[in-house]
Amino acid sequence: MVNIKINDVPISVEEGTTILEACREAKMIVPTLCYLKDINEIGACRVCVVEIKGIERLVTSCNNTVKEGMEIYTNSPKVRDARRINIKLILSQHNCFCPTCVRSGNCQLQKVANDLEFGSGTFKQHITEEKWPMDFPLIRDESKCIKCMRCIQICDKVQSLKVWDIAKTGSRTTVNVSLGRNIKEADCALCGQCITHCPVAALSGRDDKRPVFSQNGMLNTRRKTTVVQVAPAWAEAFKLSRKFASPERLAGALRLMGFDYVFDTTYAADLTIMEEGSEFLERLKHKEDYQWPMFTSCCPGWVRFLKSQYPDMVDCLSTAKSPQQMQGAIIKNYFADKIHEDPENIFSVSIMPCIAKKAECALPTMDSTGTGPDVDVVLNTREFVDYMKSLNIDVYGLPEDHFDSPCGEGTGAAVIFG
């Protein structure tokens, strides 16, 4: 153990502990932007600087370890001034029009800047823009990138895909697709981890709300029968308990939005279990004809990963569609016939937690009727939550409602499968 003082409070921590982790153990808050434990400890943002007695310069706490007898000050005037300058420098290269940003209210940079209370004074802004293919499910906004490198490290060290890298040099240093490629040329699995770990909104999912919710969207023009299938976790966004944020209350919210029919994708997940299970048993009868083991094909992100990283194992994948696409096919075929509706007159929406499904629904093989995609639009959970907030719906007053039959019930096995 190493004995130190943090803000004049004695504390003992294990040898090798970083100053930042020691401060967190002592409940002494040190703000960070670029830091990810064991993944990104590079001190790039320099927001985590602290003052150490006997050392003239400030040191980054995320990548310096404690020493015996060290006296640390996390919030001295010198430290706060340095943090303000560092944040001002970051903001000078950041698009600060927050009201239209998808991360407004849930942005790490916004929180740190607010907490520092440096007023209106800042440096002259110099915002850079880069062209990006806006039809790709993953969107990068160069004007919001703070060069924290978190996307690079999470993709390299955890996902092992190496999609991102540092581009340019000096003051023009930024992040972009590695090897000078277009994002469509990279081996991106659309797993969404870079979006999750970006502290701002430099990375986000493509916004597909317009064809559904806009003034000319399907819900408002009623040009087609609107059907939605849903499998998101929405409790967190409204700080609701899991018990209160029941599937039935979610169904009630979707009906308030104006959807004609509301389905639970759990039904199709049951079908996925049966399809993949049946395929597995059939393959076992002819072991010599197949490559083993058999992998699930339920997740489009996983399928993209396997195809790009281990193409020799593609034959191991089940041939079953994902639950989303099974449900889409049911809606445009069986359900369309049941309600005596032409599949072309059904607008099928899917609300999912994963941007890989935005790419999956656009695959040419996902058109079982020949009238267009089985799932017309995929919205991620954040898009659903944003629109729900825009309607000023009182979530605590939401009525519970039922999912439509015959696609509304699941066995519970689907949840375990997920």
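**Salt bridges and a parallel sheet**

Arg 222 is partly exposed, with a relative accessible area of 39% (buried means under 20%, exposed over 50%, partly exposed in between; 1.4 Å probe, protein chains only). The model is predicted, so local features need pLDDT of at least 70 and side-chain atom pairs count only at pLDDT 80 or more, while totals for chains, interfaces and linings use all residues. Residues are numbered from 1 along each chain as its sequence is written, and side-chain values use heavy atoms, with hydrogens and water left out.

The side chain of Arg 222 meets that of Asp 260 in a salt bridge, 2.5 Å from N to O (a side-chain nitrogen of Lys or Arg within 4 Å of a carboxyl oxygen of Asp or Glu). This pair links distant parts of the chain, 38 residues apart: Arg 222 sits in the loop between helix H7 (218–221) and strand E10 (225–230), and Asp 260 in the loop between helix H8 (247–257) and strand E11 (261–264). Helices (H or I, at least four residues) and strands (E, at least two) are DSSP runs, numbered from the N terminus. Asp 260 is also partly exposed, with a relative accessible area of 30%.

The structure holds 21 salt bridges. One of them joins Asp 208 to Lys 358, with the closest N and O atoms 2.9 Å apart. Asp 208 lies in the loop between strand E9 (203–205) and helix H6 (210–213) and Lys 358 in helix H12 (356–360), so the bridge ties together parts that are 150 residues apart in sequence. Asp 208 is buried at 13% relative accessible area, and Lys 358 is buried at 2%. Both residues belong to a network of salt bridges that also takes in Arg 206 and Glu 383.

Another salt bridge connects Glu 400 and Arg 249, at 3.6 Å from N to O. Its two residues are 151 apart: Glu 400 is in the loop between helix H13 (381–390) and helix H14 (413–417), Arg 249 in helix H8. Glu 400 is partly exposed at 47% relative accessible area, whereas Arg 249 is buried at 12%.

Four strands form an open sheet in the order E11-E10-E12-E13, with parallel pairing (two strands pair if DSSP finds at least two bridges between them). E11 and E13 are the edge strands, each pairing on one side only. From one strand to the next, the twist averages 25 degrees. (Axes are lines fitted to C-alpha atoms, for helices over the stretch in contact, and angles run from 0 to 180 degrees between N-to-C directions.) Within the sheet, E10 and E12 (346–352) run parallel and are joined by six bridges; Thr 225 has Ile 346 in E12 as its bridge partner. H8 lies across E10, E11 and E12, at about 150 degrees to E11. H13 packs on the sheet by touching E12 and E13, and its direction makes about 80 degrees with that of E13.

Val 377 is found in the edge strand E13 (377–380). Val 377 is buried, with a relative accessible area of 8%. Beyond its neighbours within four places in sequence, Val 377 is in contact with residues including Asp 208, Pro 211, Val 212 and Phe 347 (heavy atoms within 4.5 Å). The C-alpha atoms of Val 377 and Val 228 are 9.6 Å apart in space, although the residues are 149 apart in sequence.
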